[in-house]
Amino acid sequence: MTTFYIQQFGCRATQADGAALERQLLDRGCTQSPDPATAAIVVLNTCTVTAAADAQARDAIRKIRAQNPAARLIVTGCYAQRAPEELASLPGVSWVVGNSHKPHIPNLVTQIASAAFAFVSEKGIVIPSEATEGSGLVGRNPFFPTASPDTYSHSVGAGLAPSSAPQLAEILQLGAPSEPAQILTGDIFAHPEFLSAPIQGGESHHTRPILKIQDGCNNRCSFCVIPYVRGKSRSLPPDQVIREIQFLVGQAPLPVSVFSSASCTSSISSISSISSTFPCHSAREIVLSGINLGTYGRDLSPRVEFIDLLRRILDETPVERLRISSIEPQDVTQDLIDLFASTDRIAQHFHMPLQSASDRVLAAMHRWYRSEHYARRVDLIRDHLPNAALGADVIAGFPGETESDHATTLAFIDSHPFTYLHVFSYSPRPGTKAASMPDQVPAQVIKRRARELRALAESKSTAFRKSQINRTARVLTLHRDEHSLNEQTRAAYTPALSSNYLRVQVPGIHPSNQWQDVLITAEEGNHLLGEPASSCSELSVPSVL
C-alpha cells in the first residue's frame, strides 16, 4: 500500500490545493504517513513569494532526503512553476510538476506506485491507465483536465522528449530515486480552466476546510511574481461553489463522478471503495480563499460580483460561519462591510494587504490605492465592526524605499487599529520589474526595518488581545494534539478560534468543530485564555460578537 506525505508551504490557496490533492490520494487507496520520514512518496507544495520561501523549500528537500533517502520526492506549486530546472537539480527530487500540471499529480503517484504503462507524446504527457480510461475521469473531474499542447516534459539534462518517446516507465526508472528528475510543466497562461478539486474537510487535521474559489491574478505589482506562476484570474462558477459548500456542511452529497479515480492499491477503484460521498465531518466554518479573491467572478459570463456570491452562500447554504482570506483594499467596499456587519455568519476578520504607507513607494509598486484610500477602508471597518480583526501584509526594503518612507509606514501602522501584520523582507523575484530597479536597499537595512515592523506588529497584537479580556466570544474548537498543554500549568486545553481571529485556549479536552461560548479571562503569550461562559453566568460581561 503506497504511503504519502504532503508538506505545505505558502498561502491559503496553496493549502487548499494541497488539501484537495490529499483527498484525491486518499480516495485512490493511498495511506497518509504521519511524517515525511516514513512516506514512500513525499509531495512538497511550494511557495515562491520571496527568496526566503524558496530557501525554505530547498532546505526541506535536503532534510527529507537525509531522513528518507528511499522516498520519491515530487515538488510542485509556485516555485516549481517558476524555476523547475533549479529544483530538478537538487539531489533526491524525482519529479518537478508546475502549477500548470498539478492536476496530474494523483495520476503520477498512481504511476509511481504501480509502474503502470504510460508514455510521453509530442503533445504532452498522457497517463492512460485502465482506471482513467474506463472511468471517464479525464475531462470530467475539474482537477484532472486533459493534457494540453504546451506541456513541457523532460529529464534534466536530457532535453525535450522526442516525438517517438518510449514508455514513460522506461524513462522514469520508477524504482530508482537517484535517477535524474523529470519536469512536467507548461505555460500557465495557456490554462484558462479553473484547476481545483473538491475537499471533504478534515484534511491535514484541519477543522476548517479551505475552499479555493478563485485563482490567478491580472494585476502586475512590480514586486510580485505570483501572476506569472498562477496565471490569469479565473473563478469557480457560483453554482459549483454553492454545491461544494452544501457538501462540506453535510447538506448534500458530492456528485459520484468526482470520485471516479484510479487506485494506489489496484488498477481500478470502484465507487464502493470510497468511504463516503459525504464529508468526514460537517464543517461549521469554511474559509474562502483565492489569489486575488476580490476579483472573483469578473472572468465569468455573465459576470458575477464577489458580494453577490457571498449573499447566495448565506441564502442557499446553512454554513454557520464563512471566513474570507486576503482581499485587496480597493475591493473592500461600503456594501461589503455592511454585509459583514449584518450577520454573525461571516467572520469579523479583514486581511487587506498594505505593503507600504508611503504613496511614493506604492506608486513604484504599481499598487492601485494610496494610504488615504486605505485609511478610509480601515475607518469604515472600525466604525461598523469595532472588534474586527484587521491584518495586513507589509514589505520592508522595497527598492528605493528611504528612511522617511519606512518611518511613514511605521507611523501609519501605529496610528491605525491593526491587530496583526505579515512582514516580508523584500527580495528580488526574477522577471519582475522591481528586480531591475535602481537603489536596491542593502540587506542589513532590510533586516533592521523588518525587525522594527515586527516589533510594532507584536505591540499592536498584544494590545488587541488585551482589549478582549472580560468579553465573551463564540469560538470554534480546533484539532488538539499531544502538545495541547498549558505552558504554565501543564493542564490539558483545547485550542479554539474566535470570529475575530484570536487563538483561545479552552480548558479541558473537547471534540473539534464545536462551538463554545467563552469568557476571555487573560492573555498568555500569543493567545487568550477562556472559560466556558456557562460557568461564569453570574457575571455580567460585554459580548465580543
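Contact here means that heavy atoms lie within 4.5 Å of each other. The model is a predicted one.

Q: How many helices and how many strands does the secondary structure of the chain come to?
A: Of the 545 residues in the chain, buried residues make up 57%. The accessible surface comes to about 21,700 Å², and 52% of that surface belongs to carbon and sulfur atoms. The secondary structure of this chain comes to 15 helices and 23 strands.

Q: Is Asp 17 buried or exposed, and with which residues is Asp 17 in contact, leaving aside its neighbours within four places in sequence?
A: Asp 17 is found in helix 1, which covers residues 12–27. Because buried means under 20% relative accessible area, Asp 17 at 7% relative accessibility counts as buried. Leaving aside neighbours within four places in sequence, the residues in contact with Asp 17 are Asn 45, Lys 102, Lys 212 and Arg 230.

Q: Which elements are included in what covers the buried residues of helix 9?
A: Helix 9, residues 238–248, is mostly covered, with eight of its 11 residues buried. Those buried residues are Pro 238, Val 241, Ile 242, Glu 244, Ile 245, Gln 246, Phe 247 and Leu 248, and just after the helix Gly 250 takes a positive phi of about 80 degrees. What covers the buried residues includes strand 11 (210–212), strand 14 (285–289), helix 10 (306–316) and strand 15 (321–324).

Q: How far apart are the end C-alpha atoms of helix 13?
A: Helix 13 runs over residues 371–384 and has 14 residues, which at 1.5 Å a residue should span 20 Å. The distance in the model agrees with this expectation, since the end C-alpha atoms of helix 13 are apart by 20 Å.

Q: Within what arc do the buried residues of helix 13 fall, seen down its axis?
A: An α-helix has 3.6 residues a turn, so residues three or four places apart point the same way. The buried residues of helix 13 are Ser 371, Tyr 374, Ala 375, Val 378, Ile 381 and Arg 382. Seen down the axis of helix 13, these buried residues line one face of the helix, because they fall within an arc of 120 degrees.

Q: Which residues are exposed on the other side of helix 13?
A: What covers the buried residues of helix 13 includes helix 11 (334–342), strand 16 (349–351), helix 12 (359–365), strand 17 (389–396) and helix 14 (403–414). On the other side of helix 13, the exposed residues are Glu 372 and Asp 383.

Q: Which residue in the loop between helix 12 and helix 13 has a positive phi although it is not a glycine?
A: Gln 355, in the loop between strand 16 and helix 12, has a positive phi near 75 degrees and counts as buried at 7% relative accessibility. In the loop between helix 12 and helix 13, the residue with a positive phi, of about 65 degrees, is His 366.

Q: Which residues does a cis peptide bond join?
A: Pro 302 is found in the loop between strand 14 and helix 10. With omega at about 0 degrees, the cis peptide bond joins Ser 301 and Pro 302.

Q: In what order do the strands of the closed barrel of five strands run?
A: Strand 20 (residues 493–498) and strand 21 (residues 503–507) pair in the antiparallel sense over five bridges, and they form a hairpin with four residues between them. Strand 21 and strand 23 (residues 527–532), in contrast, pair in the parallel sense over two bridges, with Val 504 opposite Leu 528. Pairing in the closed barrel of five strands is mixed, and the order is 19-20-21-23-22.

Methods
Residues are numbered from 1 along each chain as its sequence is written. This is a predicted model: local features need pLDDT of at least 70, side-chain atom pairs count only at pLDDT 80 or more; totals for chains, interfaces and linings use all residues. Side-chain values use heavy atoms; hydrogens and water are left out. Two strands pair if DSSP finds at least two bridges between them. The expected span of a helix is 1.5 Å times one less than its number of residues. Buried means under 20% relative accessible area, exposed over 50%, partly exposed in between (1.4 Å probe, protein chains only). The arc is that of the directions from the helix axis to the C-beta atoms. Accessible areas come from the Shrake-Rupley method with a 1.4 Å probe; for residues, only the protein chains shown count as cover.
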